[in-house]
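Please walk through this model with me, one kind of contact at a time. The sequence and coordinates come just below.

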Amino acid sequence: MKGNSLRSQVTTGRFTLPVAILLSTACWVVAGVLLPELSATRSPGETADRLLPFVLPNPLGWAVSFLLYLFTGYLLIALNNTFGLIRIRASVQSALFLLLIGICPGLHLFYTGSILPVSLLLSLYFLFRSYQNHKASGNLFYSFCFLGISTLLLPILIWFIPLWLLGAYNLQCFTLKSFFASLTGWFFPYWLLLGHAYFYGEMELFYWPFRQWITFYPVRQILEISLPQWSILGYLLIIYIVSTCHTFVKGYQDKIRTRSYLHFLMLVILCLYLLILLQPICLPELLPVLMALISILAAHFFVLSDNRGSNIFFIASVIGVCILFGYNLWVNL
């Protein structure tokens, strides 16, 4: 009887992802029709304002952003299939991510937040590949290279470098050689940027991210976070807390390496929330990343838990997504 619940049918069904893509596309179309003048929110201090000094016009911006989010959904499936984060092949994490993106019209346009989930998930992919591999220098190089690209797009993510090093240590792949490979990978995008800036005489472009590392915007800007943004943050926080509790309680059912992956994801999400509280101006860029990582934990919870409470919570979560989409449209009209 439990296996025939709505939650079980949706989370393990083969049509879940196609239906989610259709629903997300419908959300984009409805938002595009009702909110044609909607503009992307960009942080004034982000390096991408100089690396990408343009905003693609609609509907081209929507199309590029949607394709990037579709690729993010593919990476979420690849992470699970490669590292067994959910113990079975599942696509519900990608479905959940696309729905979360779809209900937030402010995330539909092309900007830095559209690229960050791709670069950070690729970084996590190579970091997880280095698990208990004492010859993981290559994987860590690529992992920190993609993390370095992320710090170019959003310099405040420089504070995640120690977090990634801690993750490499916990994954038992940290050696002196891999440490220097990590630093080399991190600096590699900056070397490319230096060559570009020097060749075209734009050295100010190279100096910009370093200045942003020590630039802190007032914490009081947290008062400027809109009510729709608070709503989605609260919704994600509830899912994160419930999924985290389930992972800790039922963690003995997972492999040791799977627990290591999930615990690192929990830590990254916690640090993302802390970063949003300290630098709320970066919320538009960090929100898609937060959605992608929480989708993994939520999928782990929805697929592997099978009781009355999880079924009720799943239905409540679906209803919550519908309410949030309607509320976001109503506020922006």
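A disulfide is a pair of cysteine sulfur atoms within 2.5 Å. By that cut-off, the structure holds 0 disulfides. Cys282 is in no disulfide, and its nearest cysteine sulfur, that of Cys271, is 15 Å away. Cys282 is buried, at 5% relative accessibility. Here, buried means under 20% relative accessible area, exposed means over 50%, and partly exposed lies in between (1.4 Å probe, protein chains only). Cys322 is exposed, at 52% relative accessible area.

Some ground rules apply. This is a predicted model: local features need pLDDT of at least 70, side-chain atom pairs count only at pLDDT 80 or more, and totals for chains, interfaces and linings use all residues. Residues are numbered from 1 along each chain as its sequence is written, and side-chain values use heavy atoms, with hydrogens and water left out.

Turn to the charged side chains. Side chains of opposite charge can pair when their charged atoms come close. A salt bridge is counted when a side-chain nitrogen of Lys or Arg lies within 4 Å of a carboxyl oxygen of Asp or Glu. The structure holds 2 salt bridges. In one, Arg87 meets Asp254, with 2.4 Å from N to O. This pair links distant parts of the chain, 167 residues apart. Arg87 sits in the loop between H4 and helix H5 (92-102). Asp254 sits in the loop between helix H11 (227-249) and helix H12 (256-278). Helices are DSSP runs (H or I, at least four residues), numbered from the N terminus. Which partner is buried? Asp254 is, at 6% relative accessibility. Arg87 is partly exposed, at 38%. A salt bridge also joins Arg211 and Glu204, whose closest N and O atoms are 2.3 Å apart. Arg211 is partly exposed at 42%, and Glu204 is partly exposed at 33%.

Next come the rings. Rings of Phe, Tyr and Trp (its six-membered ring) pair if their centres lie within 6.5 Å; planes under 30 degrees apart count as stacked, over 60 as edge-to-face and the rest as tilted. The count comes to 34 aromatic pairs. Take Phe83 and Tyr125: their ring centres are 5.5 Å apart and their planes stand at 65 degrees, so the pair is edge-to-face. Phe83 is in helix H4 (residues 60-83) and Tyr125 is in helix H6, 42 residues apart. Phe83 is buried, at 7% relative accessible area. Tyr125 is partly exposed, at 24%.

Helix H6 (residues 112-129) also holds Phe128. Phe128 is buried, with a relative accessible area of 1%. What does Phe128 touch, leaving aside its neighbours within four places in sequence? Its contacts (heavy atoms within 4.5 Å) are Leu79, Phe83, Leu171, Tyr261, Phe264 and Leu265. The C-alpha atoms of Phe128 and Ser143 are 9.0 Å apart, across 15 residues of chain.

Finish at the surface. Val29, Val30, Val33, Leu34 and Leu333 form a nonpolar patch there, with about 460 Å² of accessible area together. Patches are made of residues with over 30% relative accessible area and no salt bridge; like charges are joined within 9 Å, nonpolar side chains (Val, Leu, Ile, Met, Phe, Trp, Tyr) within 5 Å. Accessible areas come from the Shrake-Rupley method with a 1.4 Å probe. Val33 is in helix H2 (residues 16-34) and is exposed, at 60% relative accessibility.

How values were computed. Helix = DSSP H or I, 4+ residues; strand = E, 2+ residues; numbered from the N terminus.
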